[in-house]
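Please have a look at the structure first.

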Amino acid sequence: VMSMFTALYFGRLMFDVIERKRWLTNLKMVSLVGATSWDFISKQRFAFVVSVLLIGAGMAALFSRGERNLGIDFTGGTMVTLLFDNPVDRDDVKVALEKKFDSVSLEELQVAKTEPGTRFRMQTTMRDADAFEAFEETDDGKEDTVKSLINDAFEDNPDLVLKKVSLENETFKLEALAAAITPAEDEDASKTSKGGDDEKFSGGWQIELSFSGSREASTAASYLERELLKIRNDEGFSRYDNPGELIAFAPENGETLTLQATADITEADLEKALGKMQTTLANSPLLDEMNSFAGSVAAEMQQSAILAMLASLVAIVAYIWFRFQRITFGLAAVVALVHDVLVVLGMVALASFAYGQGFTGLGLREFKINLPMIAAFLTIVGYSLNDTIVVFDRIREVRGKNPNLTIDMLNTSLNQTLSRTLLTSLTTLVVVGILYAWGGEGIHGFAFCLVIGVIVGTYSSIYVASPVLLWLMNRTESTTVTAGGRN
């Protein structure tokens, strides 16, 4: 929307001001290739072979890698942020983690006021929720979980020292929160408890916790929840099934956090859990932003992603059918779009395969198909469709009222739009290329898809969409003529 507004209003306004000020007296449009008369359609068989080889190789790599292609968005797993005391090399960190995890991906994070090489985001298909199951099975304190495995990976490596943040309270003296005052007892009551406005914590407990460094409230809560889950009742079951609903930390981040707990947790249990949490923090590294994704949630995300792609293709067919008054234009455009998505998907798998074989050039990584990549695929669909519609519109103008579509008409249309196609592609490629080279690890896979998508989208507008349109229209006309002759 903003791009259209800029092109139609702001750009016109600027040209009007420049012309009135006489800053520009002569305007020439630069053509990248000039007037051309190339025979594109004669190369359609060669282009078909190239496309089949690209898609075939990509699909072979995709299926051979299996679930390794998918990020934890679509498989389930754990995402956690690692903090190091000193700058370290990303490859050294990954090598250490791969000794403990079967499947792990790692990206370096650049955050304000932190040195490069001190913060990384790790993703693994192992879920931290398995921690509690492991504890119940062994009950010996030795848990083969994400947190313990990360600690073991760097425990004996003096060059890779994870940052630790300890809980510095000498004692855990809990403050009892006042019970809620009902309107019947005090009509002007606006506070439900001494600790805040939430009735949930009235009659419960409150304590101020001091840490040796800044800590996320969500991280502190996860450690305390873990210890509360370990507290057993007389029957041997966990006394607190949903501890996350019974506690809250404020503010969201800082060296001092205020803990509030409901009256459902006994004073003795809360003090015991805080003591265990203090011991754990003293002996384990700081793991911030630790999130687990269940397999059922991942399956729902897969379905949503597939439905989003299919819905976009159906909407495109309907729009182009309405725009050009013939469904053949829509079908040809969708064939080109499916071609683009398959090629880009295959290149993602091939790049990951090459990286796994030791090739680290061209900025390749072990790319994972996640939600940002789905967004990249939809962006590619939009970009390629825009280019294809421009070519189709010129084909319709050149064809006029002629009932047939010929090779000469297609070549004429493609040559007339070639300069515009190349100019659009090159300017877009410059932007996404910069994004890929210097955009950071967080969007590296997204930018990779866009770089490949721009190239493939330009290729498909010329060598896929147009030949498919020619075949569909000639097939339609032949069917119509045959049916008419029988009558």
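Predicted model: local features only at pLDDT ≥ 70, side-chain atom pairs only at ≥ 80, totals over all residues.

Let me begin with Leu83, which is buried, with a relative accessible area of 7%; buried here means under 20% relative accessible area, exposed over 50%, and partly exposed in between, with a 1.4 Å probe and protein chains only. Residues are numbered from 1 along each chain as its sequence is written, and side-chain values use heavy atoms, with hydrogens and water left out.

Leu83 belongs to strand 1, where helices (H or I, at least four residues) and strands (E, at least two) are DSSP runs numbered from the N terminus. Setting aside neighbours within four places in sequence, Leu83 has contacts, meaning heavy atoms within 4.5 Å, with Thr118, Arg119, Leu162, Lys163, Leu286 and Asp288. The C-alpha atoms of Leu83 and Phe120 are 6.7 Å apart, although 37 residues separate the two along the chain.

Turning to helix 4, residues 90–98, its buried residues are Arg90, Val93, Lys94, Ala96 and Leu97. Viewed down the axis of helix 4, these residues fall within an arc of 160°, taken from the directions from the helix axis to the C-beta atoms, so they line one face of the helix. What do they pack against? Their partners are strand 1 (77–83), strand 2 (104–108), strand 3 (119–124), helix 6 (146–155) and helix 10 (327–356).

Finally, the aromatic rings: rings of Phe, Tyr and Trp (its six-membered ring) pair if their centres lie within 6.5 Å, and planes under 30 degrees apart count as stacked, over 60 as edge-to-face and the rest as tilted. By this rule there are eight aromatic pairs. In one of them, Phe40 and Tyr463 have ring centres 6.1 Å apart and planes at 65°, so the pair is edge-to-face. This pair links distant parts of the chain, 423 residues apart, with Phe40 in the loop between helix 1 (2–20) and helix 2 (44–65) and Tyr463 in helix 13 (residues 444–486). Phe40 is buried, with a relative accessible area of 6%, while Tyr463 is partly exposed, at 25%. Ring pairs also join Trp38, Phe40, Tyr459 and Tyr463 into a cluster.
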